[in-house]
Amino acid sequence: MTASDAVPQPEDLAPATDLVERVLEQLDRLLLGQEELHRMVLIGLLSRGHMLLEGVPGVGKTALVKALGGVLNLDFNRIQFTPDLMPGDILGTHILQGTLSGEREMVFQPGPVFTNLLLADEINRASPKTQSALLEAMQERSVTLMGRTRPLPEPFFVLASQNPIEMEGTYPLPEAQLDRFMLKLKVEAGGVEVLDEIISTRRNGQPPEPTWSMTAEQLGSVFAVMDRLYLPRPVSRYISRLVSATHAGSGEAPASVGQYVAYGASPRAGIAMAEAGRAAALLAGRPTAGFEDVRRVAPAVLNHRIILNYKARFDGVDTWQVIDDLLGSVDEAELNLPDDVQVGEESAS
Amino acid sequence: MPEARGPDRSVARLRRRLAAVLAVRCALQWTAAWCFAWGVAVLGLRALLGVSAGPLLWGLAGLAPCAAGACVLAWRRTPSRAAVRALVDRESRGGGLVMAGAEVPLGAWATRVPAVTVPRLVWRKRPLVLLACGAATFVVLGFAVPQRMVEIQSAHPLQVTDEVADLQAQIEVLEEEQVLAEEEADSLRRALKQAADEATGEDPAKTWEALDHLDEAVRAAAAEAAEDAAVQTETLAKAESLARALGRDAGRLDDEALDVATQKLADLLQEAAARNAENALDAQAEEGLQPGETAAGTAADEALRKHLDACNAGRLTRGACRAMAADLARCRGDVLARLMRLKEAGLLDAALLGRLAEGNLEPGDLLALLEGLAGEDLTPEVLIEQWLLGGPGRGGIDRGPGDAPLLQGEPASEEGVEFKEEALPPPKVADLKESRLLGVSLGAPPVEEGEAPAGGGVLDSAQSGGGSAQTHRVLPKHRSAVQRYFRRDTDAASRPPTSTERRSP
């Protein structure tokens, strides 16, 4: 194996990193005060994962997706989920249509899912039946209707949003569907400075048009580089230990996991964490994923996959606190040193 | 892979340091554990089997296997090279490049690996070092503790604390009163301490015998002191009585009696002074004084010598005699006070002390005695001697102790005195043997006239008032005493005799 086969060399990595940085630059320009969210969304996109955005109305979820579609030059559709939304409203349906010869035939009318970037707004307001219509699309990236499977456009991303405060009349997403979201990101409003800048520079809050957009070829090249990023074995083992430690029976599980976690993360979480870690390394301009990349993406990957018990609800503990304990207790290097022997500050090189 | 050479060195160096720290840590743990076990074994073997320290020092050889085993275990516990490399990558913020360098060729990225830093190892060794030092100290103490302190005491200790404390106090009193010399007291104390230390419930007889022996020794010393004190008290009491009598009747005694009394007083003073001098010599010897030096507390001796000189010089006046009596009473009081200390310590019988305290002789009027016995053929020496002893003829069951000397007069004649011997009649047991059954009846058996009833036994021939089997006649000279013995005087018998009655002849 040559070095260029093992890891992307600097001359290969640099263009991809530049493209990603330009995307981030455009996003930061379009949507103010959400830099970290932009990076996490980009990590999710580079990992070809779907994302669940959780936040109160008006914080810019839809605007983010629109801006992302514009910068990446991707087809974009938005579905407002309501309780009477039917699966056919999403996937599409067959309609009876007359031909020029006078015959009538069933013609498939594609639904809004047939796009590159799908915004499922307030996904938890639709019935479980409708929510489940997205399962195959999200996992298999295809739609099967009346015995015929139709592939979705490539790339295909679902960015769903849900409102955490208006829970009445909603249908919480089932765990199977939650697990299909690679990242769950919390969207929060910016501070006073950000809001002041939005009010003073944006008329009606309309973001400006992107000054640059990525072509399909450029996006493909970025994905190609992403596929060559290297994940060292200690890092992959660290990911495995992290996922394992989310289960109460694990030897490395911290006390909070044993106390508050009813169900831990699935193996799909480990896969997602590895991909997200690679994407974070690409954003950092490195050909290899390190521990810090995993630690960066771990909360977003794990928080919707860890099911807490009632005791956690009574004690006011949420998944973010459990994940903090998890990251603090699992040693990346797995040295297994005694308690009285620790690795302290760095000494001379 | 050349690009990984730098991190490799750092990883190897950090791994060696980790191994060293873990080895030392493990060695300290094992050494501490071994030292504690060794110390316990040392104390146990010394306590149970009385093993000496020499063989137990072989436990020192156990430290070498401990160190070797600790090193082996530490080496096995040392983190793998990959783990240490991951640690270096994390601490160097390598972003996975350091780790990837050991797995795949990095190509141009090898030159862009961040500067590898070796993290500093922090080992909080103080608790473990203190533990190891404590264990080593424990072993040293295990060897250093005297054998007698590690010997296991009896499961059934003998409680002799009170007895030992009493004996200790008695020895101290005897030493303070100079009854025991310092060496003797120390010897007794050592013996007492040994008996107390060796007191076990397994062999209580040994302890009790030792304590009894010590108690006998202490009481013997006290009794000897009491005997000396009794003699001295008696001498002083006699001298005091004589001095008081001379102070009262000196002018009415004839010259011969006065000379005899003076000489007798001088003899008594000489005797008392000599005994005091003997005690003084003992005190000097105990206090390490030279013979020429004067021991403390000899005021009584000086008073005795002063009065003795006055006696020998014939300078006795009635006033001097009264002063002498007062000094002698004070001397006797000192002796009694000394005995009181012994009594308070439980060394003397209270009755003995009472008798000594009451030994103040009041023999009565010397002048009356001399005049009353003027017709007898007795010399003044005998009379004064009798007077000092309380006067003659004080015998009798209700006249006090018969300690008066028996004055031999003319011997009684046994002429006409005969002892009558009578033989007791033989018992008539033979008649019982020859008896026969005449019949069984609910009524009284008939008495046949022809045959005599069986004899009543040995008392048949005894007569009322006859009493004894042998009688002898009381000599005429003793009859009055016998009659007085059997006299039924209810008034006199219902109350104890007074001191005056006991002393009156």
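Before starting, I noted one cut-off: a residue is buried if 20 or more other C-beta atoms lie within 10 Å of its own, exposed if 12 or fewer, and partly exposed in between. I also reminded myself that this is a predicted model.

**Entry: the whole chain.** I found 15 helices and 12 strands in chain A. Of its 349 residues, 41% are buried. I then looked at contacts in chain A with a separation of 6 or more, and 77% of them are between residues 24 or more positions apart.

Entry: Is A:Glu122 buried, partly exposed or exposed? I counted 18 other C-beta atoms within 10 Å, so A:Glu122 is partly exposed. Its place is the loop between β5 (117–121) and α6 (128–140) of chain A.

A:Asn73, also not a glycine, has a positive phi of about 60 degrees. I located A:Asn73 in the loop between α4 (61–72) and β2 (76–80) of chain A. With 16 other C-beta atoms within 10 Å, A:Asn73 is partly exposed.

**Entry: a cis peptide.** I found a cis peptide bond between A:Glu154 and A:Pro155, with omega about -5 degrees. A:Pro155 sits in the loop between β7 (148–151) and β8 (157–162) of chain A.

**Entry: a helix pair.** I followed α10 (residues 233–245) and α13 (residues 291–302) of chain A, whose axes come within 9 Å and cross at roughly 30 degrees. That angle makes α10(A) roughly parallel to α13(A). The crossing is right-handed. Among the residues that meet there are A:Tyr238 of α10(A) and A:Phe291 of α13(A).

Notes:
Residues are numbered from 1 along each chain as its sequence is written. Chains are lettered from A and ligands numbered from 1 in the order in which they are written. This is a predicted model: local features need pLDDT of at least 70, side-chain atom pairs count only at pLDDT 80 or more; totals for chains, interfaces and linings use all residues. Axes are lines fitted to C-alpha atoms, for helices over the stretch in contact, and angles run from 0 to 180 degrees between N-to-C directions. Helices (H or I, at least four residues) and strands (E, at least two) are DSSP runs, numbered from the N terminus. Angles under 35 degrees count as roughly parallel, over 145 as roughly antiparallel, 65 to 115 as roughly perpendicular and the rest as oblique. A crossing is left-handed if the near helix is turned anticlockwise from the far one by less than a right angle, and right-handed if clockwise. Two residues are in contact if their C-beta atoms, placed from the backbone, lie within 7 Å.
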